[in-house]
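Please look over the sequence and the model shown here, and then follow the paragraphs below from the chain as a whole down to single side chains.

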Amino acid sequence: MGNAPGSTLQELSACESHQWYRKFMTECPSGQLTFHEFKKFFGLKNLSETSNEYIKTMFKTFDMNDDGCIDFMEYVAALSLVLKGGVQQKLRWYFKLYDVDGSGCIDREELLEFTGMSDVNVCVCLGELSQEEFMEGIQADEVLLKMLTQSLDLTHVVKKIYSEINPEQQLH
């Protein structure tokens, strides 16, 4: 499995961009991926209401221009974040994801809603976390940092897409 095509960043980088574009355009010929198509594209069906809301918020963070659709460039940017993004970039993305109301701060309820944790080592006693406080707090807690890093691992999604654009090289 570790040697399967598309399982490493180098192998993914070797995949030509026109293949990714062709896959994207095959799935959404309009060039605009709606929320419904986004869920279908990644095989997300029969989700609970909570999971659906989480996916909707994730979709909105990938929709960088807030037009209600993800175009190919936003799609590439999202994959780039997931596959190549460093810890700082990923934490900034998580901050945006958790800041549901777009206030520029995360309150305790927003943070606990997404983590599902009743006690968080990140200081939320002030009632809100700025992006800087959020990033510092997460990086200071190895358990939270590992949890967030692993939850953004979409290797299985990339393998699925790669196998669809290169059907002659089936993954095992």
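Helices (H or I, at least four residues) and strands (E, at least two) are taken here as DSSP runs, numbered from the N terminus, and the expected span of a helix is 1.5 Å times one less than its number of residues. The model is predicted, so that local features need pLDDT of at least 70 and side-chain atom pairs count only at pLDDT 80 or more, while totals for chains, interfaces and linings use all residues. Residues are numbered from 1 along each chain as its sequence is written, and side-chain values use heavy atoms, with hydrogens and water left out.

The protein chain has 10 helices and 4 strands, which follow one another along the sequence in the pattern α-α-β-α-α-β-α-α-β-α-β-α-α-α. Of its 172 residues, 39% count as buried, a term that stands for under 20% relative accessible area, with exposed meaning over 50% and partly exposed in between (1.4 Å probe, protein chains only).

The unreviewed UniProt entry carries the annotation "domain: EF-hand" for residues 50-85 and 86-121; such positions are given in the numbering used here, feature names are shortened, and annotations may be inferred rather than shown by experiment. Over residues 50-85 the chain is 72% helix and 6% strand, and the end C-alpha atoms lie 27 Å apart.

Helix H4 covers residues 49-62, and because its 14 residues at 1.5 Å a residue should span 20 Å, the 20 Å between its end C-alpha atoms agrees. Among its buried residues are Ile55, Met58, Phe59 and Phe62. In H4, Glu53 and Lys56 lie 3 residues apart, about one turn of the helix, and their side chains meet in a salt bridge at 3.7 Å, N to O, where a salt bridge is a side-chain nitrogen of Lys or Arg within 4 Å of a carboxyl oxygen of Asp or Glu. Glu53 counts as partly exposed because its relative accessibility is 39%, and Lys56 is likewise partly exposed, with a relative accessible area of 28%.

Helix H5 covers residues 72-84, and its 13 residues should span 18 Å at 1.5 Å a residue, which agrees with the 17 Å between its end C-alpha atoms. Its buried residues include Phe72, Glu74 and Tyr75. A polar atom of the Glu74 side chain does, however, lie 3.0 Å from the backbone nitrogen of Met64.

Terms used. A polar contact is a pair of N or O atoms within 3.5 Å; within protein, one must be able to donate a hydrogen and the other to accept it, and residues adjacent in sequence count only if both atoms are side-chain atoms.
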